[in-house]
Amino acid sequence: MTGKPTRRVIPIQREVGDGLDSRERATVAAACGRLKAEAGSLLPVLHAVQSALGHVPKAAVPMIAGELNLSVAEVHGVISFYHYFRTTPAGRHVVHVCRAEACQAVGATALEAHAKRLLGIDYHGTTADGAVSLEPVYCLGNCALGPSVMVDERLVGRVTTGRFDELMSDCRAPAESS
Amino acid sequence: MSHDSTAHSSPPVTLHVPRDAAALSVGAEATAHALLTEARRRGISINLIRNGSRGMLSFEPLVEVSTPAGRVAYGPVTAADVPGLFEAGFLHGRPHPLAHGRTEEMDYFKQQERLTFARVGLTDPRSLEDYLAHRGYRGLTHALALDPAAIVETISASGLRGRGGAAFPAGIKWKTVLGAPAAQKYVVCNADEGDSGTFSDRMLMEGDPFVLIEGMTIAGLATGATRGYIYLRWEYPDARVALEAAIASAMAAGYLGADILGSGRRFDLEVRMGAGAYICGEETSLLESLEGKRGQVRFKPPLPALKGLFGQPTVINNVITLASVPIIMDRGADYYQHFGLGRSRGTLPLQLAGNIKRGGLVEKAFGITLRELLYDYGGGSLSGRPIRAVQVGGPLGAYLPESQFDTPIDYEAFTAVGGMLGHGGIVVFDDTVDMGTQARYAMEFCATESCGKCTPCRIGSTRGVEVIDRLLAGHRDQEHLLRDLCDTLTHGSLCALGGLTPYPVLSALNHFPEDFLRSVPPDAAPPGAAQPGAAQPAAAAPA
């Protein structure tokens, strides 16, 4: 017990919450505080964070893990399992294009190609002006009125290429406050 | 200018415009707004109710006017049509090019047997009073007077089978949970309706959320479960709003909570959102997800009925299964099982989707044929071209050729032709479809959505895409390999995702072999050599 040399402790883990700005940190803390008492609260917490911030920042993972008494690997594993969660910021609008069979039967494949060409991005990309992120989705439940897309939380059916162009020019129009 | 002088003195006319997501997707909100604006401009007072959809989706936005003779339908009504409708006197049910007469006399509607969907489109989904005025909560009232075993017995006697796809008898599941001793049991509603071509769960939750809540409450009483979760996919934000509003109303009126209708029985209910994973429609994967984990499939046994959510006995049923419970408890098991045929009792809400002229929801007793649905209800393809193939039962269902269109809607009949009824979605393709592409997509979908737990699904699906690419590039010898791989997927996968992906793949190959033989075999290159450029058509290969 005695006579041992004192060792300098080198921290291998950064401070929890490092890499988040104060708003992000407050959002994550509030979501965890509000939901952590509920059983199986990880998905609700991730939804709350993504809904407020547009994505789940990678730097939030250790903080969420600490609050919910999970390992960082568990939280990362859940975020990466589900298509909906994203760890990079989204554009001002997220546009989901349905790729499923019922929409394919009425021209979704051509619409997908048109969308990528018009926006100049592939799936999971964001336009250079930061207006639109493009994501694939497997069925929006609008299978009798396809092809369908979802702009943020608004479902749009019978989307022709012309209708898609209109929707995108609305999304890319400036002078929107947040 | 030409104000109808009688309009001022008479009570306001009631109009219905759906708030259903499909109706909104083609402009119902703008139509509703235009109706209010035009009425105000003309000094007419109207009572606008936002109902669910009647399910005749090709007529959406469908505006219904309440007249002394009943509700009269106009559709599809865009905002631009509204002034003309007022001019034509639609508030009195008068003729107009968009008029269809009484809604319930429309061809698409009148032959339907609406049991589970009895109120969808009829009532205001935000109004508990309206629900009660249309036989709502009679099933629960009846159930409260019975002991749990008697409720389970009623469900068993009705012949109700799981409507999510697996068609397992609901009564047996409930009986297992009832017999499992535990301090805490759960009722979980699978509202992760991921199959392409299906939207009945969404329509029901948006159009009549109270019936699902009532069904889950009865399931709780029958099994001793006091807590329920609705696991809803994120793609259905409108359904979430409808469910949460209905749960709050039911709670406030004492139909949920610590003391249901003064019985001393408890049932609490909440909505939990999924996050875009098709596999979470598989029940054990859904339970993992509800527990806050990756949605990976569990080994069975133990059955969820014995060790389900958080390791406790759990009833897990699809939306339509649970929503069919109230009418069974209200009208009796005999009434329900009188519909249908063979071992398929009751009704199934079928969904006509894809390239179909009149898509929508058709609730009919089991026994109607695919052909009647496609042509009598659906009116043939939307494009006007011949229907070449239909996929029944979602992305894991078989592609059926015209020669099988006389198959009746019946679980066993579909199994007999090498297909499955699943959740009742019917996706129509015309003769421009390339079945090789569809087979490849089925494998690609499996690869995208595989949870990764078992090897045949995780790796087999990716190898399947590669094998199909080589086959489509003209390497005929790959067919044997594809069939062998499908055999492994069928028999070696842990759940239905890997286990059923061979259905669409092999049905496409068996019924439409010509689509796999388009390319000329590039004789020079051995099969393996084509692998890197396999996605390219054979024309790109050196001659």
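Two strands are taken to pair if DSSP finds at least two bridges between them, and strands themselves are DSSP runs of E with at least two residues, as helices are runs of H or I with at least four, numbered from the N terminus. The model described here is predicted, so that local features need pLDDT of at least 70 and side-chain atom pairs count only at pLDDT 80 or more, while totals for chains, interfaces and linings use all residues. Residues are numbered from 1 along each chain as its sequence is written, and chains are lettered from A and ligands numbered from 1 in the order in which they are written.

In chain B, β12 (residues 347–354) runs antiparallel to β13(B) and is joined to it by 6 bridges, and the two strands form a hairpin with 5 residues between them. One of the bridge pairs sets B:Leu350 against B:Val362 of β13(B). Strand β13 (residues 360–365) of chain B has 5 of its 6 residues buried, so it is largely enclosed by the rest of the structure; buried denotes 20 or more other C-beta atoms within 10 Å of a residue's own, exposed 12 or fewer, and partly exposed a count in between, with C-beta atoms placed from the backbone.

## Surroundings of B:Glu104

B:Glu104 lies in the loop of chain B between β5 (99–102) and α5 (107–110). Because 14 other C-beta atoms are within 10 Å, B:Glu104 is partly exposed. Leaving aside neighbours within four places in sequence, B:Glu104 is in contact with B:Gly70, B:Phe109 and B:Lys110, where contact requires C-beta atoms, placed from the backbone, to lie within 7 Å.

## Helices α8 and α9 of chain B

The axes of α8 (residues 148–158) and α9 (residues 170–179) of chain B come within 8 Å and cross at roughly 160°, which makes α8(B) roughly antiparallel to α9(B), a description used for angles over 145 degrees. The axes are lines fitted to C-alpha atoms over the stretch in contact, and angles run from 0 to 180 degrees between N-to-C directions.

Residues making this contact include B:Val152 and B:Ile155 of α8(B), and B:Trp174 and B:Leu178 of α9(B).

## Interface of chains A and B

Across the interface, 34 residues of chain A are in contact with 48 residues of chain B. On the side of chain A that touches chain B, the elements giving two or more residues are α2 (42–53), α4 (72–81), α5 (101–104) and β4 (154–156) of chain A, and the largest share, 4 residues, comes from α2(A).

Terms used. Two residues are in contact if their C-beta atoms, placed from the backbone, lie within 7 Å. Angles under 35 degrees count as roughly parallel, over 145 as roughly antiparallel, 65 to 115 as roughly perpendicular and the rest as oblique.
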